[in-house]
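Look at the sequence and the model below before reading on. The paragraphs that follow go through a few of the contacts, one part at a time.

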Amino acid sequence: MIKKVLLTLVILTSITSFAQRGQKIGYVDMEYILENIPEYAQAQSQLNQKAIKWKQKLDKIKNDVETMKANLSNEKALLTDDLIAERLEDIAIREDDFKKLEAAYFSSNGDLFHYRKLLVKPIQDKVFNAAQEIGKARGYDIIFDKSSEVIMIYTNKKADISELVLKSITRAEKTQEAKEKRAEKNNTPTREISEEAQKKIDERDAKRQALVDRAEKLKAERLKKREEQKAEIERKRLERLKKREEARNKLKENKEDNNNEEENKEND
């Protein structure tokens, strides 16, 4: 907060100095401009879709972990110490998968940050370029961003060139659209601005999906191994029960034979 106040004071002092020398100062409202550019809304929509998709993947892993914990709690009495240790290790691995994937998607250097940079930065550059062109054409000495961290205590609407910037961008886009239409008529393929960004997004998605698929494969292999171990434990348990039953039956038969022998001896 102190830094913002100091920065504001420095800027206000500079503006006052410029104003005293008859310099021309203007500002733009970046948020207002971006909100009125359809391309920006499309980029935001793509980012939101990506974020929802990633959150669904993370929720699935979280549900898997909860299911694994519940199964362990329910079956713990039937498992050996080795199997319990394996289950706990599986849970820890899955939880680690969740943390790594969450960081890969939503950390300060994650995919969402990079995608926002790829999709939004070109649009912001358009605004900066348009503001610079207007500044040079109309003789502005300073143009700054109203929606930045700078605190604007007072603004004169006459100094707001946001609409000029919007009109400049709109004209440039219409010109680009006209060029693309002419190129289509001439059967000349044109390269969209977002093509390079989309390519990078697809590549990162493919790599990320490969990691997710690998994690799912390892999970399936661990589950299969666990089911085989459970089946083996159940087989051995049934085998022990069978042997006990056979032992009881044999003991019973021996007892009956002994009783019969004693009865025969008494009869003799």
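**Salt bridges, helices and strands**

In this predicted model, E245 has a relative accessible area of 36%, so the residue counts as partly exposed. The side chain of E245 meets that of R248 in a salt bridge, with N and O 2.6 Å apart. R248 and E245 are both in helix 7 and lie 3 residues apart, about one turn of the helix.

Helix 7, which covers residues 195-267, also holds K243 and E239. These two residues form a salt bridge as well, and their closest N and O atoms are 3.5 Å apart. K243 and E239 are 4 residues apart in the helix, so about one helical turn separates them. E239 is partly exposed, because its relative accessibility is 33%.

Side chains of opposite charge can pair when their charged atoms come close. How many salt bridges does the count come to? The count comes to 12 salt bridges.

K69 and E95 meet through their side chains in a salt bridge of 3.0 Å, N to O.

Next come the two helices themselves. Helix 3 spans residues 38-75 and helix 4 spans residues 81-106. Their axes come within 10 Å and cross at roughly 165°. Angles over 145 degrees count as roughly antiparallel, so helix 3 is roughly antiparallel to helix 4. The residues of the contact between helix 3 and helix 4 divide into 14 nonpolar, 1 polar and 11 charged. The crossing of helix 3 past helix 4 is left-handed.

Salt bridges can also join into a group. Which residues are linked in a network of salt bridges? K60, D64, R94 and D97 are linked in this way.

The last part to look at is a pair of strands. In a regular strand the side chains alternate between the two faces of the sheet. Strand 1 consists of residues 25-28, and both of its faces are covered. I25 and Y27 are on one side, G26 and V28 are on the other, and all of them are buried. Within strand 2, F144 is the bridge partner of Y27, one of the buried residues of strand 1.

Key
Residues numbered from 1 in each chain as written. Predicted model: local features only at pLDDT ≥ 70, side-chain atom pairs only at ≥ 80, totals over all residues. Heavy atoms only, no water. Buried < 20%, exposed > 50% of the residue type's maximum accessible area, 1.4 Å probe, protein only. Pairing = 2+ DSSP bridges. Axes fitted to C-alpha atoms, helices over the stretch in contact; angles between N-to-C directions. Parallel < 35°, antiparallel > 145°, perpendicular 65-115°, else oblique. Left-handed = near helix turned anticlockwise from the far one by under 90°. Nonpolar A, V, L, I, M, F, W, Y, C, P; charged D, E, K, R; others polar. Salt bridge = Lys/Arg side-chain N within 4 Å of Asp/Glu carboxyl O.
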